[in-house]
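Me: I would like to learn how to read the chains and interfaces of a model. Please take the features one at a time.

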Amino acid sequence: MDIHVIAPLASPAERAAVDALLGPPSSGWAGGSRDSANDGHVARGGHAARAERDLLLPALHAVQDRIGWISQPALAYICRRLTVPPAEAYGVATFYGLLATRERAPIVAHVCDDIACRLVGAEEVCSDLARTHGPAGQPSADGQTTWLRSPCLGLCERAPAALFTVAGDAPEQIGEAPIDAVGVIARLASAAAGRPIAIDGASLSAEERLADARISVPQAGDDGLQLLARVGRVDPGSLEAYRSAGGYAALNRAIELGPEAVIAEVTASKLLGRGGAAFPTGRKWAGVRAAQGSPKYVVCNADESEPGTFKDRALLEHDPFVLIEAMTIEAFATGASRGFLYLRGEYPLAASRLRNAIALASAAGLLGSDILGSGFAFEIELRIGAGAYICGEETALFNSIEGKRGEPRNKPPFPVEVGLFGKPTAVNNVETLANVPLILREGGAAFATIGTEGSAGPKLFCVSGHVRRPGIYEVPFGTTLRALLELAGGVPAPIGVTADDTIRTILLGGAAGVFVGPEVLDTPLTFEATRAIGATLGSGVVMVFDRTADLVGTLRRIAAFFRDESCGQCVPCRVGTVRQEELLARLAADRPHGSRADELRLLGQIGQAMRDASICGLGQTASSAIESAVRAGIVPA
Amino acid sequence: MILWGSNARETHPIFFHHLLKGVNKGARLYTVDPRRTSSAEWSDGWLGLDVGSDIALANAIGREILAAGLENREFIARATSGIEEYRAKVESYTLEYAERETGVPAAMIRELAHAFASAPRAMICWTLGITEHHNGVDNVLALISLVLLTGHVGRYGSGVNPLRGQNNVQGGGDMGALPDRLPGFQHVENDELRAKFDQLWGVTVPPKRGWHLSGMFDAMERGDLCAVYVIGENPVQSEADQAKAIHLLSNLEFLVVQDIFLTKTAQLADVVLPASAAWAETEGTVTNSERRVQRVRRALAPPGLARDDLEIVVDLAQRMGGNWPATTPEAIWDELRMLSPVHAGMSYKRLEELGGLQWPCYDENHPGELFLHSRLWEDPVPGNRAPFIPVDHDPPVDRLDADFPIRLTTGRRLDSYNTGVQSAGYRSPLRRGESLDISPEDLARYGLADGELVRVVSRRGQISVAVRVDPSLRPGLTFMTLHFQDDVAVNLLTIDATDPKSGTAEFKATAIRIEKLKAAVRVP
Amino acid sequence: MSSVPPIQFYPPARSSQPPMPPEAARVVQVELTIDGRTVSVPAGSTILDACRAEGVDTPTLCYLENLTPINACRVCVVEVAGSRVLAPACSRKVEPGMAVQTDTERVRLSRKVVLELLGSSVDLSTAPQAPAYFARYGADPERFGAAAQPAAANERDGLEAGHHHAADGQPSAATVGQPVKIDNELYVRDYSKCILCYKCVEACGVDAQNTFAIAVAGRGFDARISTEWNVGLPDSACVYCGNCIGVCPTGALMFRSEYEMREAGTWDEAAQTSTDTICPYCGVGCTLSLLVQDNEIVKVTSPLDSSVTEGHLCVKGRFGFSFVQQREPGAAPTT
């Protein structure tokens, strides 16, 4: 491709960062130093060179992580190496919140100001930081540190939270919660002084790792858990420990059964996707197996970014091997030989544990060219997102892996036929996959008896907000909302005041979900029962707001979230999310256009157009929580 | 696809769109060009041969195809003649020999040979990199042999495709503006064909072929040609060895130039006839590179007293005593359709309705032919079999030596055109003026700064020009265009060694030396 | 050489029949209903194709025959029975038995709101289709408040993904307003008029030119068409083919000459003629449509249905016409 690169050569450090990922350049034509003796009469390129586009996001990460931002020369070098036009690469780099295309301090605190954190003082953390460290984005006097606001970091059970990124030769990232402004500044200062902020280093013992799990999963160690059985009990860093706890029995069983029978078991289990769409997993796998086209791919969607959601993180951090095993079973069943695990960029601990798990599994012959001596070949690549909620939409996720902007594709065609790299693809959410080894061990029919007729199996919920013990909870489908909240220690309330009187509203399903009132506390948590009350389970968020909560502020934050996270591709979502946010701001300031009723009617029309005419689920649900809040009377008429 | 001696990305941009559609659907592309052009950058493989070593490369590809048994034996046996002579000729063109002669690594030559021969469909496209050599016709024959060897001709998606450089160079040939042909490619020395013209025109067409352009200059030199009528051509600036061209044109007894501009050639003329711009101020047809006859239409009134070429010619004929009635473009076209079987089916009405038609189009029900030579796939083949014509490598006439160690080759840039008469008229942000493009290595070796003015000397002349670094060039290879002849007369350097068959000069291969000026002058 | 025949003296023999491209797979017809009427179209057609075949006028902005449908603008949405959301007619393929409604309340509301969202955020004053669409759907962009102040030059180009200043409750509506970018002699880019239909990106990219000088940068409402780091076109990969202008539906991209004539008030579409001819440059034979006003070429385009160009040109074809108008007006025969 005749790409046009205008920038000067990248700095040695920038080149080193890219070369560490891609290896040295193959010739002077591909970014190496000029060598007319070898390159003067010949060059290769074309399809082979352009086929490396999917390494664009990893290469951008490499520079971001090493330097702290992506300069024009660094991008030019990446473009030469990967044969990507600079304008397109720039379009990709500017798509992601965690990538900087303007100079940024190397040490950054990304401070969550999203809905769960703001219930416990995130705005105060931000205003304290603005006062003591300076406005968001402004570098410190020594140029070493800065802080930025961030959407949900998925640490809601310990809110308020911050993510620290330290660029350098040995880049580090760590999520910390709870944390206040003093803590943030101390952490920044420590990193600036060159002290390491180890994520999961040798300093942390297995016992400490298990203890950490019990913070996120208060039930950890309880008997009777299925999905969370190993969390807090089995060292997530040890393959041996996983195998001793029954790990990989399911893969063995799958290989004995053969692909068709595996799909039959999964179909019999009545497993529905846990990412929000509740599509039957068995049917999806059968579709991929039957689809024309090769190669086929499996993709694990670990881009958990729905505000208030952190269940996948808990699984990935504390039981990473189950995902590796489940993806391997899925690939075996669908006929794929290559899998991608796409993890959101805000989960550095999960990333390091998954890397470790993949390496150990590969070394043990549980990934690779001849898995368990069966002749079945399968590899998993871990791909890290870079701060874009939209990439949790499956087709946006494909585009992100492919090195394009994370813009959703129109459906149909569906991924089963035309997915990653245009090939048949089975894409499943983390929690969905975590059920698969269970199904193979217990049998599909036995699994189907858990829960209810329409919602089979155990389910994870992310309980946060005004409850005594926020965290991940596993219950069988059909448990009532009230029982779930009791499991989480109930809602703090003055003596003699019932939960029903304390709770103002509960957000079910996340920012794309629905606000419900305490009158539905006895609703069983199933796909069908929530649908019946006009709500959704979504990603399993149960966020409780008591009567002290700033609900209008929460709604405005939700509106701002969708405005920020809209990819910008289609008009209803790109502009609709802006108009929705502006309208809520006018109502909050009590400066409506016309009457408040006029404004609410307009809000409804914007919502309907977004729901009906947007390309993907983001736009289609961007008004869901806000419209439900109007219906629930949270927004004063 | 093989692009051979063609930078279509810049010289035929819209053709390249079509090519890239194929590439984007998975078609492989190889480029053979001394420079790593923007076309080459799109390629799966670039073969950066030394200027003028095309036959060494083509014959080596042919030999490798035969040695590997990848030739299409059924096609060769049925549709071609002369394979044994070809086999014998290419026997000595080993990959190692070709690597020595061309500079291209043997492995890459082998890769292209195998990719080309084993592709279900393959096509070779070329431009002036093949033809502007003292042996340009031989270069073409060497490429034709490759498609005959593999059967990549006469079938959809295959063939040899010379990309026409000018909007009606094909049409000019169609209409008989060739020294040996009447309209419709009917040979003037064939009595039977010529008789049709004699009869319809009521005159006796001279039965002998005429001179091609370089033949005319030879005739001027001999004194056999003393009066010339130039229509829409600027030989003062477009001919190789410019000093000689100006000398000959200036010494003519009578020179008439019909053009839309007062060109450098027109300035030498005894009579200048201002013409209309055919493409925007007249009605008529042109023929493009895919043999598609297309309508041009009048969108503007010509300025001043400028007149339609057709009117001028008819008036001239009247003044010379011919009884030529005033006519219309369509009437002339219909006369052509009576005389040229390959155009017979192309009424103006059909051309309008169908957006043009590709010849041959034998009657008004004929759809025109999407590609040529499909007859080669019939059994038996109607007419002659396609002959292999073996040729030998013969390096450029202007040899490199210690005095002239650098190879200069010429070509076009995207936004400009030929001698710049047309393209100078618009303000292109891409235009940088003329320069001697030079490799970074040579820039350093001569101790030059980018943009520094140098003297460029060939065996025929010398010019001053700024150097410009171009990483697509290797040491020893330089590049200039012909677009800015008023500023930098590149053709003072070029050689008029011409191909005896086509009359085309070897613009692509000049031996030069670069002289640093005493005081460095930097051209901004 | 002696053993082979000379270059042919006769034209080659005729083939027994004209050569043809490989036979395309037989296309089956698909039956569906549009607004209750049964329609039959070839498989692989889009709903828009079917609507047009049936004479159902469907608004489009980001659709063009010679580009891959990007279905970003959503003004063509229709209701498909059984589908939870509306479908973009321009890209959704027909299926047997599909029941399409093109003028329901839902469809009309979405089209109206989409037009209002566009009209309230983008200057559509030179978008030829806009007035008719607005009238047809009763769209009133003023419902969102008056337009906010335009951004300073290059301000929007520096916005980073995921971080914006929260709306402040002011009555004005955010827009993409900003100064015109004029950085070269041939064309101007007025991104105040950009609806982000992606057509220019597609024309610059895989659908035609494959130069990729521009792409969409940024995210959400801050997304914009940009070169890398917003460098000016002369520093970018741009080769000035002008195919982006050729496909722009709103006049955001414009010949500089047209822009200047409009500024001077001399642009007069009523006085213009369009004539198709063939480009005077290379041998590809591109059809040019010459737009002429007062015997001057003021703009050049190419028909979308030209088999040679498919509507796309190069810099010479699109801009290299001036030479015909730079001749001495008194040009006369001289001796």
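This is a predicted model: local features need pLDDT of at least 70, side-chain atom pairs count only at pLDDT 80 or more; totals for chains, interfaces and linings use all residues.

Me: How many helices and strands does chain A have?

Reply: Helices (H or I, at least four residues) and strands (E, at least two) are DSSP runs, numbered from the N terminus. Chain A has 28 helices and 14 strands. Its radius of gyration is 24 Å, close to the 26 Å that the globule rule gives for 637 residues, so chain A is as compact as a globular protein of that length. The radius is taken over C-alpha atoms, and the rule is 2.2 Å times the number of residues to the power 0.38. Along the principal axes, the C-alpha trace of chain A spans about 85 × 60 × 50 Å.

Me: What are the corresponding values for chain B?

Reply: Chain B has 20 helices and 21 strands. For its 524 residues the globule rule gives 24 Å, and the radius of gyration of chain B is 24 Å, so this chain is as compact as a globular protein of that length. A box of roughly 65 × 65 × 45 Å, taken along the principal axes, holds the C-alpha atoms of chain B.

Me: What area is buried between chain B and chain C?

Reply: The size of an interface is often given as the accessible area lost when the parts come together. Here buried area is the accessible area (1.4 Å probe) that two parts lose on being put together, summed over both. Between chain B and chain C it is about 6,600 Å², of which carbon and sulfur atoms give 62%. B:Ile14, B:Trp279 and B:Tyr426 supply 11% of the area that chain B buries against chain C, more than any other three residues. In terms of contact (heavy atoms within 4.5 Å), 85 residues of chain B meet 76 residues of chain C.

Me: Which polar features cross the interface of chain B and chain C?

Reply: A polar contact is a pair of N or O atoms within 3.5 Å; within protein, one must be able to donate a hydrogen and the other to accept it, and residues adjacent in sequence count only if both atoms are side-chain atoms. The rule finds 28 residue pairs in polar contact across this interface (both at pLDDT 80 or more). The elements of chain B that give two or more residues to the side touching chain C are helix H1 (8-11), helix H2 (13-24), strand E11 (271-274), helix H16 (278-281) and E13. H2(B) provides the largest share of that side, eight residues. By class (Ala, Val, Leu, Ile, Met, Phe, Trp, Tyr, Cys and Pro count as nonpolar, Asp, Glu, Lys and Arg as charged, and the others, Gly among them, as polar), the side of chain B that touches chain C has 40 nonpolar, 24 polar and 21 charged residues.

Me: How many salt bridges are counted between chain B and chain C?

Reply: A salt bridge is a side-chain nitrogen of Lys or Arg within 4 Å of a carboxyl oxygen of Asp or Glu. The count between chain B and chain C is three. One of them joins C:Glu310 to B:Lys21, with the closest N and O atoms 2.1 Å apart.

Me: How many residues are in contact between chain B and chain A?

Reply: Here 31 residues of chain B are in contact with 17 residues of chain A. The area buried between these chains is about 1,800 Å², of which carbon and sulfur atoms give 46%. Three salt bridges are counted between them, including B:Glu441 with A:Arg34 (2.8 Å, N to O).

Me: Which strands pair between chain A and chain B?

Reply: Two strands pair if DSSP finds at least two bridges between them. Strand E1 (residues 42-44) of chain A pairs with E3(B) in the antiparallel sense over three bridges. Within E3(B), B:Trp46 is the bridge partner of A:Ala43.

Me: What is the strand order in the open sheet of chain B?

Reply: This open sheet of three strands has the order E12-E13-E14 (chain B), with antiparallel pairing. Strand E12 (284-287) and strand E14 (357-358) stand at the edges, each with a single partner strand, so one side of each is left without a neighbour in the sheet. Two bridges join strand E13 (residues 292-296) of chain B to E14(B), where B:Leu357 stands opposite B:Val293.

Methods. Residues are numbered from 1 along each chain as its sequence is written. Chains are lettered from A and ligands numbered from 1 in the order in which they are written. Side-chain values use heavy atoms; hydrogens and water are left out.
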